[in-house]
Amino acid sequence: MLRRVRKGGRVGNETLSDRAVASLVKDYAERTGFKAEDFSRHSLRVGFLTSAAEAGAVVLKLAEVSRHRSLNTVRSYVRSAELFKDHAGAGIL
């Protein structure tokens with residue numbers, strides 16, 4: 001759960017709504033030169049799961065953190081993270 005951070009770095013008790021998270025993701029994407037419409041709150045989930053899988057996280061732990069009920073869904077993220085590992089064209093990609 002993402003929580004609001006107030007001025008001075010104090011973390012609030014209330015969680016951010018899905019719309020607030022989506023707005024933040026789009027805002028920061030735009031600030032860094034990307035098109036806001038290419039990003040969503042789902043981008044955070046995909047990025048986290050992909051990075052964690054690349055770092056060797058266990059699928060069950062990934063599902064626990066991401067709150068996915070289906071391991072097949074989590075596995076799809078892990079597979080996408082491993083697409084280019086030990087790839088024959090690794091030297092040229």
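Q: What should I know about the model before I start?
A: It is predicted, so local features need pLDDT of at least 70 and side-chain atom pairs count only at pLDDT 80 or more, while totals for chains, interfaces and linings use all residues. Residues are numbered from 1 along each chain as its sequence is written, and side-chain values use heavy atoms, with hydrogens and water left out.

Q: Which secondary structure pattern does the protein chain follow?
A: Helices (H or I, at least four residues) and strands (E, at least two) are DSSP runs, numbered from the N terminus. Here the protein chain has 4 helices and 2 strands, in the order β-β-α-α-α-α.

Q: How many residues make up the largest nonpolar core?
A: In soluble globular proteins, nonpolar side chains tend to be buried together. A nonpolar core is a set of buried Ala, Val, Leu, Ile, Met, Phe, Trp, Tyr and Cys residues joined through side-chain atoms within 4.5 Å. Buried means under 20% relative accessible area, exposed over 50%, and partly exposed in between (1.4 Å probe, protein chains only). The largest core here holds 8 residues: Leu49, Ala52, Ala53, Leu62, Ala63, Val74, Tyr77 and Val78. Helix 2 (41-54), helix 3 (59-66) and helix 4 (71-81) each give two or more residues to this core. Of the 93 residues in the protein chain, 20% are buried.

Q: Which residues of helix 3 are buried, and which are exposed?
A: An α-helix has 3.6 residues a turn, so residues three or four places apart point the same way. In helix 3, Leu62, Ala63 and Ser66 are buried. Their directions from the helix axis to the C-beta atoms fall within an arc of 95°, so they line one face of helix 3. Leu60, Lys61, Glu64 and Val65 are exposed on the other side of helix 3. Arg67, with a positive phi near 65°, follows helix 3.

Q: Which residues of helix 2 are buried?
A: They are Leu49, Thr50, Ala52 and Ala53. These cover an arc of only 165° around the axis, which puts them on the same side of helix 2. After helix 2 comes Gly56, whose phi is positive, near 95°.

Q: At what angle do helix 2 and helix 3 pack?
A: Two packed helices are described by the angle between their axes and the distance between the axes. Axes are lines fitted to C-alpha atoms, for helices over the stretch in contact, and angles run from 0 to 180 degrees between N-to-C directions. Helix 2 and helix 3 pack at about 160°, with axes 11 Å apart. They are therefore roughly antiparallel (angles over 145 degrees).

Note on methods: Angles under 35 degrees count as roughly parallel, over 145 as roughly antiparallel, 65 to 115 as roughly perpendicular and the rest as oblique.
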